[in-house]
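Please open the model in your viewer and keep the sequence panel at hand. The stops below are meant to be followed in order.

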Amino acid sequence: MDSKERQIVCGAKGGETDKDFDEFKRDHQERVFSLQMKKNKREKVVETINWLRKSYITGVVIVIDIIMNLILCGFSIIDTYMDKTTQTIKLLMFTELIVNCYLLLSWVYEFIVSLHIKRFMLPISFITLIVTFIPLVYYLITGDTMFKNWKNHSHVYSLCFIRIIYVDYLVSEALCYFWIGENNRLFNLADKLVSTFVSLISMLYFSSSVFHFLEGYNEDSPYHYFHNCFYYCVVTISTVGYGDMTPQTWYGRLFCALYILSFLIYFPLKLGQIFTALNERGQSKLFYANNHVMYTGDPMLLSLFPKKVKSDFVALLPKTEVTMMSKRKYERYYYCGDALNEDDLKQSNTKKAKRVILTTFGGDKRTFLRMESIKKQCTGKIFCLLENDTLQETFESYGVECISKQDYLMTLVNEILCGGIMKILGNLFSVKTRKNEIQIIRSLKVPNTFVGKNVSLLTMEMLREMNVVVVGIKKREKILYFGSNEKIEDEDLLFVLSRYKEYLTLKTQIKSTQEVVSDELELIETSDAKRMTQENENKQRKVKKMKEVVIQKYDGCNHYVFVGYFEGCSYLIQRIREVIEDDIVIVIGDERELKNEWKELSAITKLYVIEGDLNLKNLYYRANVKRAECVTILPNTRKGDDCDVVVNAKKVRGVINEIEIESLEIQKDVRMVCYLDNLDNARYVEHFSSVFCMKNIAEMICNMSEYDHNEEVWKDINGITKEFRLEKYKVPTRMVGSSLYQVFEFLMDRDTKCLGIVKERYGKIEMITKSSYELEENDELCCIAKKENQRLLDKSVSFSGIALHSLGKMSHIQHAIKIGQDTTVTPSLQTTKNTSMLK
C-alpha cells in the first residue's frame, strides 16, 4: 500500500483527503487502462497470427518457398557443369546467397505463425539453411571453395542440394492450403500420390548429388557430371545394374549400400499408403436413400433396429463395429458422422427420411440439440427415446413423439404386479416383419364412412363385422377407451387392434393422410399438478432412519421381494406402492447401496430391508421367498453383470422348490422376474421366470414410430398416466361358453375395454379377437380398465348377479340390471340387439 492509500485508510481530514483520494483514483484508473492496453495488444497479435496461419498469404509463402528451393537445387546442378575459374560462378554463388537469405526470412515467418503441424520440420529446415549458408559465405569472402584442403572434394562450392529434403514436406503443406474439394478420400489419395512422386524424385536427386560430392573429384570420372550420377542411381534402384559405372572410393561404396537399403524400405511404404488410400471407403452422399427410416443416437442399440424396420434404413452414427446387411428389397446404409453436424445430415440424405428414430446418447440435452438439427432438415416424423421424463414436455412442444427409459420401467412394475403383462405389451406394440396375421395396435385417421357415428355403436360393429377391436379414439385432448355417446369427427384418430389385412381395408377409406396433432397442454398441466402435489406430500413426510426398517427375518406372506438394488429402483418401488398395499422386502448385500436414494425410499410405507450375503441360501429363507407373491432379481447396477442375476435367480428358485415333508400346506407357485442386460442370457432363467430387458424397447419404438400417437396408448395402458391399467384374469366359470362379443359388450358397459382372449402357445402370446369365439375354461381376458374400477378387474372376479347361458354357438348376455343393481336374468328375458342399430 502506497502513502496515498495509507492516508485514506488512516482517515485524513478535509479537502486533503478528497484530493488524495482523487489522485489515488486517477492513478488506479491509469494503471488499469495501461493493463487493458497491454492485454488488448497481446490479443490483437494472437488474432493476427491465427488469421495469417489460415489465410492464403501463408499458402503463397509456401509456394514461393517451393520455387526458391527448387531454384537452389537447379543451381546446384548447374555448378557441376561450370568452369570454376570464370566470373559466372561468382554470380551464381551470390544469387544462391540471396535466395538463402529470403528462405531465412521465410523460416522466421513460418516459425511465428506456427505453420507446421509436424514441428520437427522447423529445426530441420533451419539446420539445412545453416549448412547451405556456410559454404556460400566462405566462397564470397575468400574467393575459393571451403573444401580446398579436403582431398578429392575441392570441386564442390555449394551444398544447396540438401534443400531438396524440405521440398517434399512443403508440397504436402501447399496441397492442404489450395485443395478446394470436400471429398476426404480423394484428398488422401491425391496427397499420397503427390508425396510419393515428389519423394521419388527427391531421393534420386539427393543421391545423385551425394555421388557427385563423393566420386566426382576427377574430371575424367563419369561421376563428375550430374547426369551420369542420376543415370547410375536410376539403374541401381531399378535392380538392372549394367555395371558400366561403379564407385571407386570406399565411402562411395558405403553410401551406395545405404542408398539401396533405404530405397527398398521407404518406397514400398509409400506404395502401401497409396493402396490404402485407394481401398479407403469414401462417404459419398446417400443419393439412393429415399423415403427411408433413419436411426441416430446410441451406437449400442443399432443392432436392435434394422431387423425390425420394413423399409430402407440409414444409420447416422460415429464409428461402430456393428455391420448391417441389406436383405431382399430393403437396403441398409451406414454413414459415419454425427447428427449435430449439418453436413453429415445432408450427406446422409436426412431431408428425404420418412421417419427418424433418435435414442439418447451423451445425455438428454445433447439429444435435444440433435433433434433440433434434424428438425431443420427433415419433415418426417421424429421419435425419441430419452433417459428420463425431465425434458419430455420440451420435446413434445416441438411436435416430437417420445418415451423415456424410466417410463419403460413401468413394464417391469406391471409384470411384478400381474405376471404375463410384459409379453402382452410386447405383442401389442410389436412390428411383425414376417407374420402379417399377428394382432398389433395400429393407428389411422378416421375413415370417411365412420364420421358422425356413435363411438360405442361403432366399436361393437367393428368387432362383430371385422373382428377388429377399437382400442380407443383420440378426440382433441384425450383418448376415449370406453363406451361413449359422442359422435366421431373427421379430425379424430382411431387406434385399432387388428391384423394388417383389416388395417389396409380401413386405411383405403381415408379421405386424406394429414397427421392429426392434438393439444396436450391440459393433460400435461394436470399431470404436472398431480406430480407437484405428490412431491409436496413426500416432502412433508418425516424421513425415517434406515435402522428402523432393517430386520433380521420376515415372517409374513404374500409380500413382494426385491433381491439386489441399483440406483433408480426407488422410482420402481414407488410406482408399485401406488397400486398395492402389501409388504415390500428389499434383500441387499450392504445397506450402503440404499444410501443415495434413502430419502425417497423412507417415504414408502411397509418397506423392510434384509441385509446379508446374497450368495448364501439362508438370506432367502430369512426373506421368506417361499411365501412371497413375486420375487424380482435385480442387478447391482443398471447395466450390471447378468451372471449375478442368473445365479441369484437359481438360488431363489431352489429355495422356493424345496418341499417340507412335515408340512401339509400346498406348495405356492411364486412368480419370479429377472432384470437382464443381455437378452441372450434369458435362456438360463426363462423356464421358471419372466425376463425384463431394456433392449426389448426397440421393437416397441419401431411400432410407435410407424403409427402416430401409439406412444400415448402405450403410456395409458402401461400405467404411466396413472389413469388406466392393463389387466388379465382367468375367465370365470359362468362365462365359459359365452362368445367374445357378449363379454366385450358386458365389460364395455362397465368402463372396461376387452382387447381379446390371451393364449400362450409355444412360449408366444396370441391375441384372439374373433367375435364368435366361445370362451374356454383356461382362457384369460386382456382388458384396459380405469384405476378405480378394481372390483371388476379383481383376479377372483365371479361376475355375481350375471347369469350367462349358452344358446348354440352364439349365446348372449342379457342385462336385465341397471348399473349398481344385482339381478339374475332368466332365459325367457334374453333377446338379441337389433343389428340395424349397429350398421
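Predicted model: local features only at pLDDT ≥ 70, side-chain atom pairs only at ≥ 80, totals over all residues.

Residues are numbered from 1 along each chain as its sequence is written, and side-chain values use heavy atoms, with hydrogens and water left out.

Begin by selecting the protein chain, which holds 24 helices and 20 strands (DSSP runs, H or I of at least four residues for helices and E of at least two for strands, numbered from the N terminus). Of its 839 residues, 49% are buried (under 20% relative accessible area with a 1.4 Å probe, protein chains only; exposed is over 50%, and partly exposed lies in between).

Next, select Tyr56, Val60, Val63, Ile64, Ile67, Ile71 and Phe178, which make a nonpolar surface patch of about 570 Å². Helix H3 (residues 56-79) gives the most to this patch, with six residues. Now centre on phenylalanine 178, located in helix H6 (residues 164-178). Phenylalanine 178 counts as partly exposed because its relative accessibility is 37%.

Finally, turn to the spans that UniProt, in an unreviewed entry, labels "transmembrane region", including residues 56-77, 89-108, 161-181 and 250-269; such annotations may be inferred rather than shown by experiment. Select residues 89-108: this span is 100% helix and 0% strand, with its end C-alpha atoms 29 Å apart. Then select residues 250-269, where the chain is 100% helix and 0% strand and the end C-alpha atoms are 29 Å apart.

Definitions and conventions: Patch = residues over 30% accessible without salt bridge, like charges linked within 9 Å, V, L, I, M, F, W, Y side chains within 5 Å. Areas by Shrake-Rupley, 256 points an atom, 1.4 Å probe, with all protein chains shown as cover. Salt bridge = Lys/Arg side-chain N within 4 Å of Asp/Glu carboxyl O.
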